[in-house]
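Here is a quick walk through one model, piece by piece. Have the viewer open while you read.

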Amino acid sequence: MKKILIVDDSALVRRVLCDIINKDERFQVEDRATNGLEALELLTNKSYDAVVLDINMPKMNGLELLKQLQKRRIPARVIMASTDTKEGAKVTMDALELGAIDFVHKPDNAVGCRRDSFQNRLIEILAAVTESKMPSFTKPFSMDEVKNSRKMVDLLSRHEGKLTGKRVVAIASSTGGPKALQSVIPKLSGKLNAPVVIVQHMPSGFTASLAERLNSLSELTVKEAKEGDELVTGTVYIAMGGKHLNVNFTGGKHVVHYSDEPPREGVKPCADYMYESLAQSKYDTVVCVVLTGMGADGTKGISYLKDKKKIHVIAQNEDSCAVYGMPKNVVNAGMANQVVPLEQVAQEIMMNVGVM
């Protein structure tokens, strides 16, 4: 049975979370803490399979706790409980940068926490995170490391010879994805010879903050994709949470088009729609990248695309995934051209699309 620590300053929310978690025979709430200070003491002396962490708390908040865990190198698999306000979304990005593996969108009150949608999502994330092979302590983001990597790969790409034809990069990611994307997008050269389209499974309200964060770290322009945006080289487009992103070819241009079908593979946005839409594009090659995440999103879309287009598929390897679900399905379907550690993904993208 997996041992869980709950950290939340609301007694009612702690009780509701306990009820939800203990109802599943795979998990047991081992301890509860009312703030980060109490949690730090517990985590210093005991180990847990996962920690469900609130952000706003007295004495020591969730971000301060993550900083202390990193400073003291205390291992913990942390799931943040986040609100969907603009400020909440920004703080969530900070938390993911500080080592949290994923987040669950926490309703404003205990009644909302009792809804099936929240309960199912919490248990789904707990199951994935507690089975993860990824180290429970990851090194902090380093801009120097990014610059060195970018410089080296840029030089390599220039000496590989000119790649011909129009190319696009299409990335799918889910649980652990925001952190993984931070290890990929900032490492890409600002002269990357292709646009990049990303479907990251996130609720509405969080993708704009993710785009802003990645944009501040990258040479490429990173933005939340808007309806009608033309795909241009040197720009990264992140699908808006809560809508399905498609790439349409119209008026001689590739543009973003959102559709509002129900969730597919249990998610919205769904990467399968993105990949399937690219089958009608005028790109000569689609470089498909499947990063960490639960489920099988991306596999059907890539399979469909493969019959219509020249593709090159890069899958993240198991040891570097927060959750080896989406890449595993692509690999098992025999569609991965390469299976590489996360730190090599940017390099492989650049080698397959080139720089200008």
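## Helix α2 and its two sides

Which exposed residues does the face of α2 turned away from its buried side carry? They are Glu41 and Asn45. Keep in mind throughout that this is a predicted model.

On the buried side, helix α2 (residues 36–45) has Gly36, Ala39, Leu40, Leu42 and Leu43. These residues cover an arc of only 165° around the axis, so they end up on the same side of α2. As for what lies over them, the cover includes β1, β2, β3 and α3 (62–72). The N-terminal end of α2 is capped by asparagine 35, with a side-chain oxygen 2.9 Å from the backbone nitrogen of leucine 37.

## The sheet

Now for the strands. Five of them make an open sheet, ordered β2-β1-β3-β4-β5, with parallel pairing. The edges are taken by β2 (27–33) and β5 (102–105); each has a single partner strand, so one side of each has no neighbour in the sheet. On average, neighbouring strands here are turned by 25° against each other, ignoring direction.

Two helices are worth a look while you are here. Helix α1 (residues 11–22) packs on the sheet and touches β1, β2 and β3, and its direction makes about 165° with that of β2. Helix α6 (residues 116–130) also packs on the sheet, touching β1, β2, β3, β4 (78–82) and β5. The direction of α6 makes about 170° with that of β5.

## Strand β3, covered on both faces

How many of the five residues of β3 are buried? Five of five, so to speak: the strand is mostly covered. In a regular strand, side chains alternate between the two faces of the sheet. In β3, Ala50, Val52 and Asp54 sit on one side, with Val51 and Leu53 on the other, and they are all buried.

Strand β1 (residues 2–7) runs parallel to β3 (residues 50–54), and four bridges join the two. Within that pairing, leucine 5 has valine 51 as its bridge partner, and valine 7 stands opposite leucine 53. Four bridges also link β3 to β4, again running parallel, with valine 52 opposite isoleucine 79.

## Two loop residues

Is aspartate 8 buried or exposed? Its relative accessibility is 2%, so aspartate 8 counts as buried. This residue belongs to the loop between β1 and α1. Setting aside neighbours within four places in sequence, aspartate 8 is in contact with Val13, Arg14, Ala33, Thr34, Asp54, Met57 and Lys106.

Serine 47 is in the loop between α2 and β3. With 63% relative accessibility, serine 47 counts as exposed. The C-alpha atoms of serine 47 and lysine 3 are separated by 8.3 Å, with the two residues 44 apart along the chain.

In soluble globular proteins, nonpolar side chains tend to be buried together. Here the largest nonpolar core has 61 residues, and the members touching the most others are Leu66, Ile171, Ile185 and Ile349. Helix α13 (residues 342–353) supplies the largest share of this core, six residues. Apart from this core lies another one of 30 residues, including Ala172, Leu231, Leu245 and Met335.

For a close-up, pick isoleucine 185. Not counting residues up to four places away in sequence, isoleucine 185 touches Ile171, Ile198, Leu214, Ser218, Val222 and Val236.

Conventions. Residues are numbered from 1 along each chain as its sequence is written. This is a predicted model: local features need pLDDT of at least 70, side-chain atom pairs count only at pLDDT 80 or more; totals for chains, interfaces and linings use all residues. Side-chain values use heavy atoms; hydrogens and water are left out. A nonpolar core is a set of buried Ala, Val, Leu, Ile, Met, Phe, Trp, Tyr and Cys residues joined through side-chain atoms within 4.5 Å. Buried means under 20% relative accessible area, exposed over 50%, partly exposed in between (1.4 Å probe, protein chains only). Contact means heavy atoms within 4.5 Å. Two strands pair if DSSP finds at least two bridges between them. Axes are lines fitted to C-alpha atoms, for helices over the stretch in contact, and angles run from 0 to 180 degrees between N-to-C directions. The arc is that of the directions from the helix axis to the C-beta atoms. A polar contact is a pair of N or O atoms within 3.5 Å; within protein, one must be able to donate a hydrogen and the other to accept it, and residues adjacent in sequence count only if both atoms are side-chain atoms.
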